Amino acid sequence: MGTRNRTLLEVFLAASFGLAVVVIPVALDPNARQYEAAFLPIIRNGIEGMKIYSLLLLIVVGAIFGYFGQAPVWLVGTATMAFFPIWSLVDMLMGGSHNMFPFEWLFYGLFSIFGVIGVGIGRSIKKKVCHN
């Protein structure tokens, strides 16, 4: 597999795992509040009801991709939250309410810092393990 294809795969997988660690904990919580959305309400439920440990799981996801991957740290780290702005854009185009639109994207960017930190940790561990 070429470097470009491998990078695209890493980014897609990091985004998928990032989506999963935010959405699945809320989807499995029987007490989670259910929100309306024009497109995929489960994603809005995940964002609105995000668990604090989801942020820690973003670090873990990032660390795994940092250790096993080769794509740039900033790219894979920010990819962990990449599906959320895409979702909000589609939801807005379908008529969903996003009255906090610019701020929600700011928060997605801030949340992606956890993924970037994780990738950095994974790369650090990889360097120490591979150099000893």
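S54 is found in helix α3 (residues 52–68), in a model that is predicted. At 0% relative accessibility, S54 counts as buried (under 20% relative accessible area; exposed is over 50% and partly exposed in between, with a 1.4 Å probe and protein chains only). Leaving aside residues up to four places away in sequence, S54 touches V21, V22 and P25, where a contact means heavy atoms within 4.5 Å.

Before we go on, a word on how to read the model. Residues are numbered from 1 along each chain as its sequence is written. In this predicted model, local features need pLDDT of at least 70 and side-chain atom pairs count only at pLDDT 80 or more, while totals for chains, interfaces and linings use all residues; side-chain values use heavy atoms, with hydrogens and water left out.

**The overall fold**

- The protein has six helices and zero strands, where helices (H or I, at least four residues) and strands (E, at least two) are DSSP runs numbered from the N terminus.
- Reading along the sequence gives the pattern α-α-α-α-α-α.
- A compact globule of 132 residues would have a radius of gyration near 14 Å, and the protein has 16 Å, which agrees. This radius is taken over C-alpha atoms, and the globule rule is 2.2 Å times the number of residues to the power 0.38.
- Along the principal axes, the C-alpha atoms fill a box of roughly 50 × 30 × 25 Å.
- Take the contacts between residues at least 6 apart in sequence: 76% of them join residues at least 24 apart.

- Of the 132 residues, 36% count as buried.
- The protein exposes about 7,900 Å², and carbon and sulfur atoms supply 71% of that area. Accessible areas come from the Shrake-Rupley method with a 1.4 Å probe, and for residues only the protein chains shown count as cover.

**P25, a partner of S54**

- P25 lies in helix α1 (residues 3–27), and at 13% relative accessibility P25 counts as buried.
- Beyond residues up to four places away in sequence, P25 touches A20, K51, Y53 and S54.
- P25 and K51 are 26 residues apart in sequence, and their C-alpha atoms are 7.1 Å apart in space.

**Aromatic pairs**

- A search of the whole structure finds six aromatic pairs. Rings of Phe, Tyr and Trp (its six-membered ring) pair if their centres lie within 6.5 Å; planes under 30 degrees apart count as stacked, over 60 as edge-to-face and the rest as tilted.
- One of these pairs is F84 with Y108, which is tilted, at 5.9 Å centre to centre and 35° between the planes.
- F84 lies in helix α5 (residues 83–93) and Y108 in helix α6 (residues 101–130), so this pair ties together parts that are 24 residues apart in sequence. Both F84 and Y108 are buried.
- F101 and W105 form an edge-to-face pair, at 5.1 Å centre to centre and 70° between the planes. They are four residues apart in helix α6, and so are separated by about one helical turn.
- F101 is partly exposed, with a relative accessible area of 31%, and W105 is partly exposed too, at 34%.

- N45 is found in helix α2 (residues 41–48) and is buried, with a relative accessible area of 6%. Not counting residues up to four places away in sequence, N45 touches V26, R33, Q34 and Y35.
- A37 lies in the loop between α1 and α2 and is partly exposed, with a relative accessible area of 23%.
- A37 touches R44, W87 and D91, again not counting residues up to four places away in sequence. A37 and S88 are 51 residues apart in sequence and 9.5 Å apart in space, C-alpha to C-alpha.
- I117 is found in helix α6 and counts as partly exposed at 42% relative accessibility. From I117 to C130 there are 13 residues in sequence and 20 Å in space, C-alpha to C-alpha.
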